[in-house]
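Welcome! Have a look at the sequence and the 3D structure below, turn the model around a few times, and then read on.

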Amino acid sequence: LVDELRDSIRFARGIDIALADEPKAETSVAPEAPAAAQQQAPSTANLPAAKDEKLRQRRGKPTKAEVAAELEAVKKGAPSKAAEAAETEMEKGQIASTGLIAFLRRYPSWKDKTGTQVTAFKARKAAGDVIQFELLLTLTKPVIPMIMLLATGQTWSGLISSMIIGHALRNWVPRMNYEYHHLICVLFGVLHSFLGVNPSQVEQVANSESGQVLQLTWRWSLQDVVCIMNMVLTGAFFGSCADLGNEPFFTCSYGAGLCLRMVLQTWTPVVVSTTLTRYLQQLNVQITQTEEIMATAGGGVGDCGGGPFRMMLGPYHAYGVAVFKFMVLLLPFLSAVQWLIRGIFGKQRTVGKKGTRFVLRIAARYMLAILGFLQCICLLRFELDASNGAFANFWVVMLMGALWESLLCTYDVRGNIQQILFLAIFVFG
């Protein structure tokens with residue numbers, strides 16, 4: 001289609017050049033030419049030689065006689081067929097480039113080494129390959145000391161473990177699609193309260209006498225701020241590499257994991273929670289202060305005295321809460337809609353034998369869409385102008401990070417600055 005459109009435009013340009021080279025007619029009426037002269041086809045000498053050769057070489061394209069007939073029709077005032085076709089294609093492209101569906105299905109502006117236009121699928125695949133190592137390395141950093149403690153009873157040097165884990169992630173972990181990267185963010189969002197232990201606490205338990213229990217207690221710290229920064233930078237870096245401008249946000253996916261953790265804390269049966277607690281006690285691990293940090297206000301509990309909006313806005317606090325909630329809710333809802341639309345359109349590729357490998361990807365998209373809508377429902381029911389737990393407040397701040405991620409996605413976040421920030425995130429995270 002692109003080649004056909006390009007040739008049509010070249011053909012129209014050749015007609016325009018030929019018309020420009022024709023001498024202008026005088027105001028006086030010219031005498032009528034003989035009938036034999038009127039039947040003779042006009043000369044095509046004014047057409048550019050290179051364009052004429054290309055038109056003749058390509059099979060199925062207009063010949064010299066057809067070009068001459070087209071010129072004669074244009075001289076008499078008829079519109080050029082090639083120009084009409086090119087204009088129609090441009091109008092169709094402009095119509096197709098508007099609307100939410102086209103925004104969610106646009107193409108990147110860069111090309112591969114052979115000069116071929118890169119599709120959205122290949123662009124996201126290449127961007128996922130670029131960010132996978134950094135994403136997994138920063139997310140798995142707090143997990144490694146705990147695994148070493150539970151497996152060997154001691155902790156090694158952080159430098160040695162980082163070198164081993166980095167080598168394993170770079171060479172042994174297979175390349176994954178970007179849907180699975182978002183699912184990994186959801187998983188670590190669910191496990192965030194379990195991974196809130198400091199490495200110093202792990203080393204203290206490892207160096208102490210046997211029988212000491214490792215208490216997993218989550219509190220606001222610098223690591224949580226770095227975690228938000230990591231999700232923002234990862235999403236912006238992915239958007240810069242894909243160059244599509246319509247990617248779901250990594251902060252929203254991580255926030256969906258945090259939301260799912262609070263929902264599980266509220267609706268998990270007592271039998272399941274008791275069994276999990278006993279199993280962790282056998283491993284000398286204890287999770288403490290879970291209910292306090294995940295407590296949410298609402299329904300007359302915890303919202304009697306108000307919150308920051310009532311303190312700053314007084315009787316107009318309800319308007320401030322509505323505006324702030326709409327601002328925070330907009331981008332998570334957009335991400336959920338994006339996953340739903342990609343799941344619907346991607347389902348068409350699963351038809352036939354060649355499409356069976358996309359089934360898991362389509363299922364991941366629908367899962368991310370469901371978690372995104374669940375997050376939106378929980379945010380609508382969440383009471384912002386009240387006293388909530390620290391974990392719930394961290395969830396809201398993570399969703400606010402989506403605003404910064406959307407802003408950074410408009411810039412080219414690549415190069416030395418991104419590498420320096422990644423190093424800082426890895427050191428302080």
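## Before we start

This is a predicted model, in which local features need pLDDT of at least 70 and side-chain atom pairs count only at pLDDT 80 or more, while totals for chains, interfaces and linings use all residues. Residues are numbered from 1 along each chain as its sequence is written, and side-chain values use heavy atoms, with hydrogens and water left out.

## The whole protein

The protein contains 20 helices and 2 strands. Here helices (H or I, at least four residues) and strands (E, at least two) are DSSP runs, numbered from the N terminus. Of the 429 residues, 39% are buried. Buried means under 20% relative accessible area, exposed means over 50%, and partly exposed lies in between (1.4 Å probe, protein chains only).

A contact means heavy atoms within 4.5 Å. Taking contacts between residues at least 6 apart in sequence, 81% of them join residues at least 24 apart.

## The nonpolar cores

A nonpolar core is a set of buried Ala, Val, Leu, Ile, Met, Phe, Trp, Tyr and Cys residues joined through side-chain atoms within 4.5 Å. Which residues have the most contacts inside the largest nonpolar core? They are Met231, Tyr254, Trp395 and Met398, in a core of 62 residues. Another core lies apart from that one and has 5 residues, among them Val226, Leu233, Val413 and Ile425.

Met231 belongs to helix 12. With a relative accessible area of 0%, Met231 is buried. Setting aside neighbours within four places in sequence, Met231 is in contact with Leu135, Leu139, Cys185, Phe250, Thr251, Tyr254, Met398 and Glu405. Met398, with the neighbours within four places again set aside, is in contact with Cys227, Ile228, Met231, Thr251, Tyr254, Gly255 and Leu258.

Helix 12 has 21 residues and reaches 30 Å from its first C-alpha to its last, close to the 30 Å expected at 1.5 Å a residue. The expected span of a helix is 1.5 Å times one less than its number of residues. Because 17 of its 21 residues are buried, helix 12 is largely enclosed by the rest of the structure. Asp243 follows helix 12 and has a positive phi, near 55 degrees.

Helix 19 covers residues 390-408, and its end C-alpha atoms are 27 Å apart, which agrees with the 27 Å that its 19 residues should span. Its buried residues include Phe391, Phe394, Trp395, Met398 and Glu405. The buried residues of helix 19 pack against several helices, among them helix 10 (178-190), helix 12 (222-242) and helix 13 (250-267).

## How helices cross

Two packed helices are described by the angle between their axes and the distance between the axes. Axes are lines fitted to C-alpha atoms, for helices over the stretch in contact, and the angles run from 0 to 180 degrees between N-to-C directions.

The axes of helix 17 and helix 18 come within 8 Å and cross at roughly 155 degrees. That is why helix 17 is roughly antiparallel to helix 18. For such labels, angles under 35 degrees count as roughly parallel, over 145 as roughly antiparallel, 65 to 115 as roughly perpendicular and the rest as oblique.

Helix 13 and helix 18 pack at about 65 degrees, with their axes 9 Å apart. They are therefore roughly perpendicular to each other. On the helix 13 side the contact is made by residues including Cys252, Gly255 and Cys259, and on the helix 18 side by residues including Leu371, Leu374 and Cys378.

## A few single residues

Ser240 sits in helix 12. Is Ser240 buried or exposed? At 9% relative accessibility, Ser240 counts as buried. Not counting residues up to four places away in sequence, Ser240 touches Tyr411, Asp412, Val413 and Arg414.

Lys122 lies in helix 7 (residues 120-139). Its 54% relative accessibility makes Lys122 count as exposed. Cys378, in helix 18, counts as partly exposed at 21%.

The table lists pairs of residues with the separation of their C-alpha atoms.

| Pair | Apart along the chain | C-alpha separation |
|---|---|---|
| Lys122 and Ala242 | 120 residues | 8.7 Å |
| Met231 and Phe249 | 18 residues | 8.6 Å |
| Cys378 and Ala256 | 122 residues | 10.0 Å |
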